[in-house]
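Hi,

Here is the structure I promised to pass on.

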Amino acid sequence: MSQILILNGPNLNLLGSREPGVYGAKTLDDVVAECQVEAERLGLSIEAYQTNDEGDLVSRIQDAGAKNQWVVLNAGAYTHTSVALHDAISGSHCKVVEVHISNIHAREPFRHHSYVAPVAHGSIVGLGTDGYILALNAISRQLAGA
């Protein structure tokens, strides 16, 4: 059974209370629970991790790359600022699906650029927390060779 890392960056621990008009009412625990149900349906297992520390994200990505593990990554604000995340994904050959709850292209101009997107397998933006479920389904299809 393939294990997928669901990796969340800064401030995603505040889901449910932080700007619910932008991010919705679900907590991160709610999102992880939904991902667990979907992963089981798909025959996958998940490990979920959240950190506010950029270096911790880099280390987790490098570890996942070394294990040839797929990652669902919501890098939060580091998406728009972190060359280190870009380099970790690229350098470790980590297979990443980038997810953003809000449509980053319809928000402030500084959010329009992603350092993750050029080295990600794909990006899902603006579909709320359903983006995580869509990412798991896309990864499942990739693992099945579809």
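First, some ground rules. This is a predicted model, where local features need pLDDT of at least 70 and side-chain atom pairs count only at pLDDT 80 or more, while totals for chains, interfaces and linings use all residues. Residues are numbered from 1 along each chain as its sequence is written, and side-chain values use heavy atoms, with hydrogens and water left out.

**The sheet**

Helices (H or I, at least four residues) and strands (E, at least two) are DSSP runs, numbered from the N terminus. Five strands make an open sheet with parallel pairing, in the order E2-E1-E3-E4-E5. Two strands count as paired if DSSP finds at least two bridges between them. E2 and E5 are the edge strands, each pairing on one side only. From one strand to the next, the twist averages 20°. Axes here are lines fitted to C-alpha atoms (for helices, over the stretch in contact), and angles run from 0 to 180 degrees between N-to-C directions.

Strand E1 (residues 3-8) runs parallel to E3 and is joined to it by four bridges, with Leu5 partnered by Val71. Strand E4 (residues 95-100) also pairs with E3 in the parallel sense over four bridges, and there Val72 is partnered by Val97. Between E3 and E4 the chain passes through helix H4 (residues 83-92), a right-handed β-α-β crossover. Right-handed means that, with the strands pointing away from you, the path from the first strand over the helix to the second runs clockwise.

**Helix H5**

H5 covers residues 130-143, and its 14 residues should span 20 Å at 1.5 Å a residue; the end C-alpha atoms are 20 Å apart, which agrees. (The expected span is 1.5 Å times one less than the number of residues.) H5 lies across E1, E2, E3, E4 and E5, at about 160° to E3. Its buried residues are Gly131, Tyr132, Ile133, Ala135, Leu136, Ile139 and Ser140. After H5 comes Gly145, with a positive phi near 80°.

Helix H3 (residues 54-66) lies across E1, E2 and E3, at about 165° to E1.

Glu98 sits in strand E4. It is buried, at a relative accessible area of 2%. Which side chain does Glu98 join through a polar contact? That would be Ser114, at 2.7 Å. A polar contact is a pair of N or O atoms within 3.5 Å; within protein, one must be able to donate a hydrogen and the other to accept it, and residues adjacent in sequence count only if both atoms are side-chain atoms. Glu98 also stands opposite Ser123 in E5.

Leu28 is in helix H2 and is buried, at 12%. Leaving out residues up to four places away in sequence, Leu28 touches Asn8, Leu12, Asn13, Leu15 and Gln50, where contact means heavy atoms within 4.5 Å.

Cheers

Methods. Buried means under 20% relative accessible area, exposed over 50%, partly exposed in between (1.4 Å probe, protein chains only).
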